[in-house]
Amino acid sequence: MVKRNNWDEAYWLLLMQLYLKQPLGVKPLYSRQMIDLALETHVPPQSLYRRMLQLRRLDTPRIQRLWQKYSNSPAKLRKGVKMLRTMAGFNNADTFFDGVDMNTTFEPQFLPIKGAEPLTPLMLIIILDEYFRLTPVTMNADTPEVKKLAKMMNVDIQQVVEALETFQYCDPYLRRTLPANAMLTQACQEVWQQYGNDDPDRLMAEAALMKVYFKK
């Protein structure tokens, strides 16, 4: 049996609690809190974002009832959320989704690349966006844009440089020498296949949204 998006109606409480956190309202798609909730519930952030828009519009009787019951009762909402999170098997992928084909396509994007920690595919997408703004000679630790990117993502600047150099290997116009880190090379190739030959405006727009994840 396939459970589409792993969404459960009980998750409305978690979503409402996040919505009511300051600043009040719909949270950015790639905000840290939205991604944390997505990873916790195994529901893609895009799905959570759409439902949060529904929450703002109060566009179903169920949402209206939830809003009437909890929006002005933070203690009651906290109690409901606590009860949900203490349910047996909640947030335990091995137990809660036993026998269910999980949709985990979004989750690896936020997990460290084995052998290239702490870099994640999400970081590589942002680095690739910067790659197209630089020239090979500026892809080094002395370039201000590279320094800024490393600081924003809180990673060692040499790791950003290594990723930029690996993308040079992926670039069919350059095809540099095969990098030493095979795991990073594979991850960069996957990101390049997805974005490298696509509309650069799409990459720029998605990278801009993803940068919100690193805002403190």
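Modeller: A residue is called buried under 20% relative accessible area, exposed over 50%, and partly exposed in between (1.4 Å probe, protein chains only). The model is predicted, so local features need pLDDT of at least 70 and side-chain atom pairs count only at pLDDT 80 or more, while totals for chains, interfaces and linings use all residues. Residues are numbered from 1 along each chain as its sequence is written, and side-chain values use heavy atoms, with hydrogens and water left out.

Side chains of opposite charge can pair when their charged atoms come close. A salt bridge here is a side-chain nitrogen of Lys or Arg within 4 Å of a carboxyl oxygen of Asp or Glu. The structure holds 6 salt bridges, including the following.

Within helix α11 (residues 200–210), Arg 202 and Glu 206 lie 4 residues apart, about one turn of the helix; helices are DSSP runs of H or I with at least four residues, numbered from the N terminus. Their side chains meet in a salt bridge at 3.1 Å, N to O. Arg 202 is partly exposed at 31%, and Glu 206 is partly exposed at 22%. Asp 198 joins Arg 202 and Glu 206 in a network of salt bridges.

Another salt bridge links Glu 40 to Arg 85, with the closest N and O atoms 2.6 Å apart. Because Glu 40 lies in helix α2 (residues 32–41) and Arg 85 in helix α5 (residues 74–85), this pair ties together parts 45 residues apart in sequence. Glu 40 counts as buried, at 15% relative accessibility, whereas Arg 85 is partly exposed at 35%.

Notes
Helix = DSSP H or I, 4+ residues; strand = E, 2+ residues; numbered from the N terminus.
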